[in-house]
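Hello,

Here is the structure I promised to send over. Have a look at it first, and then read my notes below.

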Amino acid sequence: MSEEIINPVIEENSPNQETIVAPAEEPVVEPIEAVAEPITEVAEPVAESSEETVAEAEEPVAEVSETAAEESEEDYSKLSLSELIDQMQGKVSGPDVAKRSNQIEAIRACFYKLLSKEKEVEAASAAALEEVQGAFEKIEEKFKDLYGIYKKERARIARELEAVKEENLVAKKQIIEELKELIDSGDSVASFQAFKALQERWRAAGSVPASEARNINETYQFHVTRFYEQLDFNHELRDKDFAKNLEEKTSYCEKAEELAKNENASEAFRELQKLHEAWKDLGPVAKEFRDSIWDRFKAATAEVNKNYQAFIDTQKENFAKNLEAKTLLCEAVEKIAEVEDAASAEWNNLSKQIEDIQAEWKKIGFAAKKDNQKIYERFRAACDKFYEKKRLYYAGFKDAMNENYEKKVALCEQVEALKNSTEWKKTTDTIIALQKQWKEIGAVPRKKSEAIWKRFRSACDEFFAERDKKAKENNELYTNLKAKKALVEKINAYELTGNEADDQAALKGFQDEWAGIGFVPFREKDKISAAYKEAIGKFPRSNRRPSGQHSRPLSERERLTQLYYQKEQEIATYENNIGFFSGKGSEAIIEGIRQNLEKAKANLKEIEEQIRNLAE
């Protein structure tokens, strides 16, 4: 392509008939299909923040880059929610907020990740979640307010920048007008210094709105060409300027050739754009160098484009693989989100699976721009669906736990009503049945769990402790019964010798042994006593203690023993008599018997205690 001057084409619909199409001499970067996609700046909201709303993630100025935390020079991952808020406060309250974009976005990514994690922890207890929900909302609202300050400041800066571009556009239009006047003056030699000054002003004017950039540049280049056409008759000035332009364009070629060697194709491509913009601001070179310098710059441009196209192709392959991997993760979360009627432990297990999938999501790179937001929104929707189901489960779980608590309170009251019962077998069976019911009742609110369990267990323990105490006493009674039966058998096995002294000594030994054995169960007392009397009946009467009489005074233990058996008989009589009275008018009689019964039981305990004291 030659840099020869080609007459511009005037657009018919232009208001001033001077809107110019590009001169053919300016090289343009070859278009590449994927160039329009911002490969290195694809942004995506944070995947872990499942509690954050999708609407927030869709706000253009609020979009969080997945790499924001990595790009920031500071590590915010170890900070608490309050510390992250303090960091955000400091960033948005200082000057140059827009320059802290990476830091602010990194803070935001860490904040929502931690907020989601802490909500998840509290979700393990519905009661706790309800208590802290308001606190979480206040914390998030405060953070949103600070982030809103940042968004407003960034928007303000963007407006100011756009206003500056509009001012630059006005300035460049003025430069073009001055250039046209300079050309129309006809004194190219005298105007050369003025022309160079206009060129410097043009370069210093800065960017203009994107919609006006191409048109204003093409118009400027057209009039620059016109000026050089008038300068043809002054070879010294023209050749000097041509030489300077050739020197600068040669340096641009060298820079472009270095870019072609750059392994970072994306960076090289961006730098190439800057070289092309600078190339446009330069004037022409001598005709004999125009083709060669242009071909050299074009060749370097082609090499950079080739590398960038290869980079784009690789990126497309990676994007496709990343999209496929993320689609599989979406399907996995969607499957989990379809789970119904999970138990508490299952919800925790499923939450762990979701967290693992989210961690895997973060490891996967971006998809293509046209797919990236869509696949993220699909992933986010599946996560939100799961967490909403879990939230509803725990909301219902709280009601169920309160119902369980009321059921357990009722069981406590039943056991407490039975704990003083002396109907050991019947009450034991009843309490065991109540304990089984307790196990079948589900969880109760965490703050009440320990107290209600202690209450239930205390009532059960009180009954069983008393039962075991009586059982131990009964075991002693049956041991005594066994000993007395053995003694009766020993007496029955004794054969009289006919020697009165020997037989009397044997009888006395049997009687002392009998007296030394303790109490037997009340129901067995008469039976074993009858067996004993029958056994010693074979001894001559002179050798036996007459019935109702003793050859010696009763010991205190023997006296108390007889009194104990008498009191047991008295209690049995009272209990038996209560059953004979029923019907209207017998309440006073029954109450009298009951009072006597309680008094007799109290006396029986006193006698028992006295006997034990003697044994000690």
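**Aromatic pairs and what surrounds them**

Searching the whole structure, which is a predicted model, turns up 22 aromatic pairs. One of them joins tryptophan 347 and phenylalanine 386 in a tilted arrangement, with 5.5 Å from centre to centre and 50 degrees between the planes. This pair links distant parts of the chain: tryptophan 347 belongs to helix α11 (residues 344-363) and phenylalanine 386 to helix α12 (residues 369-418), 39 residues apart.

Elsewhere, ring pairs connect Phe111, Tyr112 and Phe143 into a cluster. You will also find lysines placed over rings. The charged end of lysine 448 sits over the ring of tyrosine 405, 4.7 Å from its centre, while lysine 484 lies over the face of tryptophan 514, at 4.3 Å from the ring centre.

**The fold and its cores**

The protein chain has 18 helices and zero strands. Of its 616 residues, 38% count as buried. Among contacts with a separation of 6 or more, 78% are between residues 24 or more positions apart. The chain exposes about 35300 Å², and carbon and sulfur atoms supply 51% of that area.

The largest nonpolar core has 28 residues, and Ile491 and Tyr564 have the most contacts inside it. Helices α14 (446-493), α15 (500-516), α16 (522-536), α17 (556-578) and α18 (587-615) each supply at least two residues of this core. The largest share, six residues, comes from α18. Leaving aside residues up to four places away in sequence, isoleucine 491 touches Phe510, Tyr532, Ala535, Ile536, Lys538 and Phe539. Another core, of 22 residues, lies apart from this one; Val333, Phe379, Ala382 and Tyr394 are among its members.

**A look at α7**

How far apart are the end C-alpha atoms of helix α7 (residues 210-230)? They are 32 Å apart, which agrees with the 30 Å that its 21 residues should span at 1.5 Å a residue.

Best wishes

Note on methods
Residues numbered from 1 in each chain as written. Predicted model: local features only at pLDDT ≥ 70, side-chain atom pairs only at ≥ 80, totals over all residues. Heavy atoms only, no water. Helix = DSSP H or I, 4+ residues; strand = E, 2+ residues; numbered from the N terminus. Buried < 20%, exposed > 50% of the residue type's maximum accessible area, 1.4 Å probe, protein only. Contact = heavy atoms within 4.5 Å. Areas by Shrake-Rupley, 256 points an atom, 1.4 Å probe, with all protein chains shown as cover. Core = buried A, V, L, I, M, F, W, Y, C linked by side-chain atoms within 4.5 Å. Expected span 1.5 Å × (residues − 1). Phe/Tyr/Trp six-rings, centres within 6.5 Å; stacked < 30°, edge-to-face > 60°. Lys NZ or Arg CZ within 6 Å of the ring centre and 35° of its normal.
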